[in-house]
Amino acid sequence: MYILAIESSCDETSVSIIKDGCEEVSTVILSQMNTHANYGGVVPEIASRMHVENITLVIDDALRKANMKMDDIDAIAVTYGPGLIGSLLVGLMAAKTLAFIYNKPLIPVHHIAGHIYANNLVKRLEFPLIALVVSGGHTELIYMKEDYSFEKLGGTLDDAVGEAYDKVARVIDVPYPGGPLVDKLAFEGENTYDLPLPLNDDSYNFSFSGLKSAVINLAHNEKQRGHEIIKENMACSFQDRVVEILVKKTMKALKDYGVKNLIVAGGVAANKGLRNGLTEACEEAHVNLIIPEMKYCTDNAAMIGAAGYYAYKRGDIADLDLNSKAVTELK
Ligand code: KG4
Ligand code: ZN
């Protein structure tokens, strides 16, 4: 089964053709990052306009790269949410139009299901599993008993972890997008700043706004004393705390649910500190850890095509009145 998948929930216009939920035939990603970098973050209005300009070109390109025509495609999968509403609408309208014109089933895919199923492009998922989803908009622990069954165990009560990275980056004068650069700096510094371990309780929930505020206050106090913050050390101190709490709660979930498979998903899955921390903890606990290749960590349509296949098998087929949702729970 060949699925043409469309992802446009944030600042990447991406189209992919995926065979049977696991084989990538072609993927095209058009990133708007350089444009938004001028503003220090994604500007929603600009993002949707750029999606409008590019979506048909990206669809054509993905088909051309696959050497396929629309007649060869069996279904259309699309991210319906969550994300920036204007951005989502562009991908959704394109998907609905293709589904209507070519009379193909339309498969609605939740963005987070996509991030999880990115791992299926690397290795077939094994169940039961726990998924740690960490991105610019999400920090969630999800239990999956079988394909396309999602039970949320916990999530962030305030900032998502990627968002905290981007805000801390701003405080220590690291340019957008901050996450990857803070990660890099962390390995050049030492843990010298005393930061709190956030929401260190027995729940599966997270909170990063207190940790972010602690970084802001420390930077402010140092400045008032006429001292410069040592960026590398602040990055390292911050990253150590983030990794510590993510690893701790993830390992607790695995233990509580008696699960031996862990997958990590979302943009922050690219974080080297987190990769190292989880690798070590999983080895010790004899847990099978799967982290996607870097190219599948950030937003792409390949993951939507992979998830779309299992959504279709579950019977998720949308009518043409399907709407985008800025906020929506994974079900
Ligand atoms: O999944 P993604 O591409 O978009 C969302 O769905 O949110 O994730 C983007 C987020 C950004 O906040 C970015 O700063 C963060 O992931 N990120 C990282 C790293 N690479 C990307 N955060 C920490 N360390 C990294 N290496
Ligand atoms: Zn994402």
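Select E329: this residue is partly exposed, with a relative accessible area of 48% (buried means under 20%, exposed over 50%, partly exposed in between, with a 1.4 Å probe and protein chains only). The model is predicted: local features need pLDDT of at least 70 and side-chain atom pairs pLDDT 80 or more, while totals for chains, interfaces and linings use all residues. Residues are numbered from 1 along each chain as written, chains are lettered from A and ligands numbered from 1 in the order written, and side-chain values use heavy atoms, without hydrogens and water.

K152 sits in strand β8 and E329 in the segment after α11, 177 residues apart (helices, H or I, of at least four residues and strands, E, of at least two are DSSP runs, numbered from the N terminus).

Next, select R124 and D147, whose salt bridge spans 2.3 Å from N to O. R124 has 39% relative accessibility and D147 has 25%.

Go on to helix α8, residues 231–256, where E244 and R241 are three residues apart, about one helical turn. Their salt bridge has its closest N and O atoms 2.8 Å apart.

Finally, select ligand 1. Domain 1 (2–117 + 296–314) and domain 2 (124–291) both give residues to its shell, so the ligand lies between them (the bounds come from an automatic or database domain assignment). H111 has a side-chain N or O atom 3.2 Å from an oxygen atom of ligand 1.

Definitions and conventions: Polar contact = N/O pair within 3.5 Å; in protein donor to acceptor, adjacent residues only side chain to side chain. Salt bridge = Lys/Arg side-chain N within 4 Å of Asp/Glu carboxyl O.
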